[in-house]
Amino acid sequence: QRDLYAGLGGKGVDPMPDVMFRAGVRCEGCHLDHDDLDVRSAGEISCMSCHGPRYRQLYQSWIEVLDQRTTGLERQLAATTPLMGRDPPAVFANARANLQLVDRGRGIHNVPYSLALLDAAHRQLNEARATRNAPALPTPWPQAPYESPCLTCHAGAELAVNTAFGRRFPHRPHAVDGGLACNECHSTHEERVATGVSALKLTASSCDNCHHAPTATPTCDRCHAAIRTRTYPVELGDFSHQAHVDDLELACDTCHGQPPALRRAPAAAVCADCH
């Protein structure tokens, strides 16, 4: 734990002391609570006591991403070990050492360094497999296809599921699969100080640039297939899309319009055109 906090001991990874270590924060700065054995423990409250309640979400995301990556790499190490035989290459020992440093040192003591150690361990594991003519293993965790200074502190944010504009918003399809950088949607800390813009610099209509862009063949069903099995309460009673879309073969834009001027809830006058 001491080495991990100081950013030392990694195999093939440059020293990377934690920001709290560089600030001179001793163990007692976070290990605040005494248990029955008079051992000081730390947790999300330790972060919140100095940085405020919003750090609880950061702490929880750090724990989740470290557990996910450590567990995935442990499985790959276990699958690779039998291939190494009695005389494994040095690079395999390095992979194991880096993984153990994160596991035994409790990765939360230095999150950026722990993630760098796990990345290195995965590369080293595949190098060791290559010496035995074994196929390379894919990265056992989803990852944004770019580097971003945002993810230094917000590790795991690319997999988070939040709420935006009153709707459930999963980051993975956007940040990992779509490769959207954080500042595509979020204002940077510098922008917030200079302009006062809140964390999200987009509005609900900004999503239409990708999700409701005009196309020759509308693909509404790809996201809105559930409309056929649900009824929606409207002023005149329960509304069935199935009767209109399938039975009457009405196109979605007949009632909802064309992007970017989409109408989530069409005006009553739209119904009056037919009824």
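Reply: A quick term before we start: contact, or touching, means heavy atoms within 4.5 Å. Also keep in mind that this is a predicted model.

On to the packing. The largest nonpolar core has 19 residues, and the members that touch the most others are Leu73, Phe92, Tyr113, Leu117, Leu118 and Leu125. Helix H4 (55–84), helix H5 (90–104) and helix H6 (111–130) each put in at least two residues, with H6 giving the largest share, seven. Pick Leu118 and look around: leaving out residues up to four places away in sequence, Leu118 touches Arg69, Thr70, Leu73, Leu99, Val102 and Trp141. There's also a second, separate core of seven residues, with Leu58, Leu66, Val111 and Ala155 among them. As background, nonpolar side chains tend to be buried together in soluble globular proteins.

Now for a buried residue in a loop. Ile227 sits between helix H11 (221–224) and strand S5 (231–234), and Ile227 counts as buried because its relative accessibility is 13%, under the 20% cut-off. Beyond residues up to four places away in sequence, Ile227 touches Tyr232, His241 and Gln242. Gln242 is 15 residues from Ile227 in sequence, yet their C-alpha atoms are 7.3 Å apart.

Last, the cysteines. Searching the whole structure turns up zero disulfides. For Cys274, the nearest cysteine sulfur belongs to Cys255 and is 7.2 Å away, whereas a disulfide needs the sulfur atoms within 2.5 Å. Cys274 is exposed, at 65% relative accessible area, while Cys252 is partly exposed at 30%.

Key:
Residues are numbered from 1 along each chain as its sequence is written. This is a predicted model: local features need pLDDT of at least 70, side-chain atom pairs count only at pLDDT 80 or more; totals for chains, interfaces and linings use all residues. Side-chain values use heavy atoms; hydrogens and water are left out. Helices (H or I, at least four residues) and strands (E, at least two) are DSSP runs, numbered from the N terminus. Buried means under 20% relative accessible area, exposed over 50%, partly exposed in between (1.4 Å probe, protein chains only). A nonpolar core is a set of buried Ala, Val, Leu, Ile, Met, Phe, Trp, Tyr and Cys residues joined through side-chain atoms within 4.5 Å.
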